[in-house]
Amino acid sequence: MEEYNLLKKDFFGKEQKINIYKKIYEIREFEKQAKKSFDVDSIKCPIYLSIGQESISATISEFFKPDYIFTQHRGHSVYIAFGGNKDKLIDELLGKDIGCNKGKGGSPGIQDLNIGMIGHHGLIGENVPLAVGAALGAPEKKILCVFGDGAVEEDYIFSSITFAFTHKLPILFICEDNNLSILTKKAERRSWEITDALKGIGMPVADILDDPKLIAQKVNEFKNNLPAFINCRTCRHLWHVGTGQDEIPSIDRLKEFKNSLLNEGIDLNELTKIEEKIKLENEELWKKHLPKQ
Amino acid sequence: MEKTLAETIKEITKNHLELNNGLILGQCLSAVGWVNNTVPDTKNLVELPMTDVAGGGIAAGAAIVGRRPIFVVRFQDFMYLNSSMLINYAAKAKELFGISAPVFIRALATEKKGTGPTHSGIIHSMFMYAPGFRVCAPMTPGEYREIWKDFMEHDSPMFVSEHRHSFNQIDEIKDIILPDSQITIYGIGYARFNVLKALEILTRQGIKCNFINLLWLKPLKLTHEKIESLTKTKIGLVVDSGFEIAGASQSIAYELMKKTKIYVEALGAEDKPVGTAERYENGTPSVEKIVNKVKELIKLKD
């Protein structure tokens, strides 16, 4: 895994750092409210929350503007980071006809065609061959494809990614590697890393932490040399599906990133104001959709 | 000179690739005879590696962005692997996401001559079962032109059950309606050729049968003309090359019975895997089997 201290320069300035922080915080607040709504049974569908993994899509969205996004079941963070309609997302979680998928997709099956996000239907890793096919059909478009460490074990993933490499298709593959397939750790499932395998065929790859600074570096390095693959090691805070928690998360990237910003001299008051604003907007947003108590 | 079915497929494909910016994807398309000489050597042809699961997903992805790909699977048995993304995504996308994924799936069947357990299956029934597909089994140039037109007019994936033994076919297959027929036989796909041979034998033996072509399996286009014969003969038989149990023959026989309240039986491949040696072959019901079944049903009616 590559370390940040090896980096020689920052790949983004203060404004971008703040933007990323805002997005991470926005996703976190949204997901916290989704959790609350699930816990009181307002949301009745199985829910796949992104809490703990927000920094990945928040950072990518700042530097990479895809024409199409193919994501997986844990897709709220991607949806929000790239500007998907949050009203429609809430309505989808609530199973309404006016949801982003008319209540047919639920939490794992969200989409927003206005941001090029194509619906996922729940089969692990299916978005990878679909993304590859879309790139083959429309090679002038840039594509973002996001999936998890479980998905890379699906037999059709390797063949899809290597096909993209053979045909030089413009796809940025992102693996949100939380080291868990439901609750089974990677070491119990396999003895290899996907990045080693892909390195073997000559594909540009990176295996990094979900630190925005690292992600920024690699996205900027790869985005004009696609296809490329970034494995982002992250920490899912809650269950695979649902809102439970078995243990205290080993890391909270939101807090880590905030501390790093403070250490760089960004004013705490500035961040606090951002947080208060997002919190308030988020509460108002959910209030519009949830049944009156 | 009139074109064979193979030449017709090749011509349609060539036009699609050159004029519509279409795509054709498949494994070994340009190898050994260009898929029985049905694939043109032109632009927009993509050789897939041995990606029997991912391939269907790649085709579906290309369909999402509007390329209307032709996805060629050289042996229909391979659809057990290739169908995952097609069934799970291409066929559902319109209903679930409002996204069209019109893939034209050319699934080639064959049988006999030692094609054995993995190269001789005819499994179009599986695609009738999965919601979202249009399913057909064209065996003539005219039928192929009809289903292609239908594909271009709709935005659903289409499962096209082809049979290699029909690729030299030039003539259209017409329905046969005779006065005082004793039974109505409905033929699906390649089984129609054996039904026609059986009819010759039955005619010589003085048994009169009506014969109805079923090009479309889903949506099942049971027009008034296709049902009227059954209401007159008062007994029917549906013959298919695919497996009989839970297959197209049984399903369509049920639909016909439901519509007419007249007894209709099904005849298809037996419920066992195909072996390589001749004695283990299992596919399109033989001419003899069809003749015997028709006689059995007429006896039952009497």
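**Close-up 1. Packing of helices α2 and α9 in chain A of the predicted model**. Helix α2 (residues 54-63) and helix α9 (residues 212-222) of chain A pack with their axes 9 Å apart and at an angle of about 40 degrees; angles under 35 degrees count as roughly parallel and those of 65 to 115 as roughly perpendicular, and α2(A) and α9(A) are therefore oblique to each other. The crossing of α2(A) and α9(A) is right-handed. On the side of α2(A), the contact is made by A:Ser55, A:Ile56, A:Thr59, A:Ile60 and A:Phe63, while α9(A) contributes A:Pro212, A:Ile215, A:Ala216, A:Val219 and A:Asn220. Taken by residue class, the contact of α2(A) with α9(A) comprises 7 nonpolar and 3 polar residues, with no charged residue.

**Close-up 2. The open sheet of chain A and the helices packed on it**. Six strands are arranged in the order β2-β1-β3-β4-β8-β7 of chain A, and their pairing is parallel. The edge positions are held by β2 (117-118) and β7 (205-209) of chain A, each of which has a single partner strand, so one side of each is left without a neighbour in the sheet. Within the sheet, strand β4 (residues 171-177) and strand β8 (residues 228-233) of chain A pair in the parallel sense over 6 bridges, and A:Ile174 has A:Ile230 of β8(A) as its bridge partner. Helix α2(A) packs on this sheet, where it touches β3 (143-148), β4 and β8 of chain A, and its direction makes about 160 degrees with that of β4(A). Helix α9(A) also packs on the sheet, touching β4, β7 and β8 of chain A, with its direction at about 165 degrees to that of β7(A).

**Close-up 3. The open parallel sheet of chain B, with helix α11 lying across it**. In chain B, 4 strands form an open sheet with parallel pairing in the order β8-β7-β10-β11. Because β8 (209-214) and β11 (264-269) of chain B stand at the edges with a single partner strand each, one side of each is left without a neighbour in the sheet. From one strand to the next, the twist averages 25 degrees. Strand β10 (residues 236-243) of chain B pairs with β11(B) in the parallel sense over 5 bridges, and B:Phe243 stands opposite B:Ala269 in β11(B). Helix α11 (residues 248-260) of chain B lies across β7 (183-188), β8, β10 and β11 of chain B, and runs at about 170 degrees to β11(B).

**Close-up 4. The contact between the two assigned domains of chain B**. The domain assignment divides chain B into domain 1 (5-166) and domain 2 (183-301), whose centres, taken over C-alpha atoms, are separated by 26 Å. Across the boundary, 24 residues of domain 1 are in contact with 23 residues of domain 2. The elements giving two or more residues to the domain 1 side are α6 (116-119), α7 (125-129), β5 (134-136) and β6 (158-163) of chain B, and β5(B) gives the most, with 3 residues. The residues on this side of domain 1 divide into 11 nonpolar, 9 polar and 4 charged.

**Close-up 5. The contact between chain A and chain B**. Here 24 residues of chain A are in contact with 23 residues of chain B. On the side of chain A that touches chain B, α5 (127-137) and α6 (155-166) of chain A each supply at least two residues, with α5(A) giving the most, 8 residues. By class, the residues on this side of chain A are 11 nonpolar, 10 polar and 3 charged.

Notes
Residues numbered from 1 in each chain as written. Chains lettered and ligands numbered in written order. Predicted model: local features only at pLDDT ≥ 70, side-chain atom pairs only at ≥ 80, totals over all residues. Contact = placed C-beta atoms within 7 Å. Nonpolar A, V, L, I, M, F, W, Y, C, P; charged D, E, K, R; others polar. Domains from an automatic or database assignment. Axes fitted to C-alpha atoms, helices over the stretch in contact; angles between N-to-C directions. Parallel < 35°, antiparallel > 145°, perpendicular 65-115°, else oblique. Left-handed = near helix turned anticlockwise from the far one by under 90°. Pairing = 2+ DSSP bridges.
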